Amino acid sequence: VCPPNVRQRFAEFVNRRMRDEPVYRILGRREFHGLELQMNEATLEPRDDSECLLEVVLETIADCQAPLRFLDLGTGTGRILQLFAPNVDRGLGIDTSRDMLSVARSTLASDAIQHLQVRHMDVYKMAGGERYDLVTLHQVLHFLEDPSLALRHAKQRLAENGRLLIVDFAPHDFEFLREQHAHRRLGMATRQIERWLALAGLKLV
């Protein structure tokens with residue numbers, strides 16, 4: 001016989017599923033690229049392009065013999081940090097959302113990942129002067145008021161021969177993303193990103 005609290009919780013789960021809420025959201029966890037990710041109201045969905053980004057990064061750093069310093073801008077819950085953890089010597093993720101950073105810290109602590117950190121910081125106002133071999137902007141630019149300025153700040157954080165990796169939406173017409181998810185831009189054309197990179201003194205490869 002199930003205790004009343006268990007029956008109530010089960011009923012809540014059933015109701016949420018009947019409203020088409022994904023099972024992994026109900027359970028609060030999801031497998032992604034060999035990791036078990038925590039899921040709550042503050043977290044965004046893992047995307048297939050994250051796997052593509054990981055593959056590009058792994059190819060980029062495969063022959064790197066020196067210690068690799070990694071910076072993830074707009075890290076959110078630290079997913080990209082987690083994915084790259086085995087391949088970097090030191091990593092930092094920054095974000096302005098304290099809720100997401102709380103999830104990131106909890107995850108990194110539970111996985112005993114000592115060489116990665118997250119900090120509450122704005123991409124336009126990054127403290128300190130450390131340079132990084134790899135900087136990522138994963139699904140971040142469409143949220144920003146001034147992507148061009150963010151890229152200029154990102155460039156200042158690149159070490160000599162460092163790489164900046166950007167993953168974002170191509171142009172689309174999903175207007176609901178503006179209101180429901182605070183997207184400032186409905187994707188970006190490659191030419192637009194190339195112009196922003198040129199202003200930052202970078203080029204698309």
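Helix α5 (residues 98-110) lies across β4 (90-95) and β5, running at about 160° to β5. Here a contact means heavy atoms within 4.5 Å, and angles, from 0 to 180 degrees, are taken between the N-to-C directions of lines fitted to C-alpha atoms, for helices over the stretch in contact. The model is a predicted one, in which local features need pLDDT of at least 70 and side-chain atom pairs count only at pLDDT 80 or more, while totals for chains, interfaces and linings use all residues. Residues are numbered from 1 along each chain as its sequence is written, and side-chain values use heavy atoms, with hydrogens and water left out.

For orientation, the secondary structure of the protein comes to 8 helices and 7 strands. Both are DSSP runs numbered from the N terminus, helices being H or I of at least four residues and strands E of at least two. Of the 205 residues in the protein, 40% are buried, a word used for under 20% relative accessible area, with over 50% called exposed and anything in between partly exposed (1.4 Å probe, protein chains only).

The strands β5-β4-β3-β6-β7, in that order, form an open sheet of 5 strands with parallel pairing. Its edges are β5 (116-120) and β7 (158-167), each of which pairs on one side only. On average, neighbouring strands of this sheet are turned by 20° against each other, direction ignored. Two strands are said to pair if DSSP finds at least two bridges between them. Strand β6 (residues 132-138) runs parallel to β7 and is joined to β7 by 6 bridges. Y132 stands opposite L158 in β7, and L137 has I166 of β7 as its bridge partner.

Together with helix α6 (residues 147-156), strands β6 and β7 make a right-handed β-α-β unit; right-handed means that, with the strands pointing away from the viewer, the path from the first strand over the helix to the second runs clockwise. Within α6, the residues P147, S148, A150, L151, H153 and A154 are buried. The buried residues of this helix pack against β3, β6, β7 and α8 (190-199).

T75 lies in the loop between β3 (69-73) and α4 (79-84). T75 counts as buried because its relative accessibility is 7%. Leaving aside residues up to four places away in sequence, T75 touches L81, G93, I94, D95, L101 and V118.
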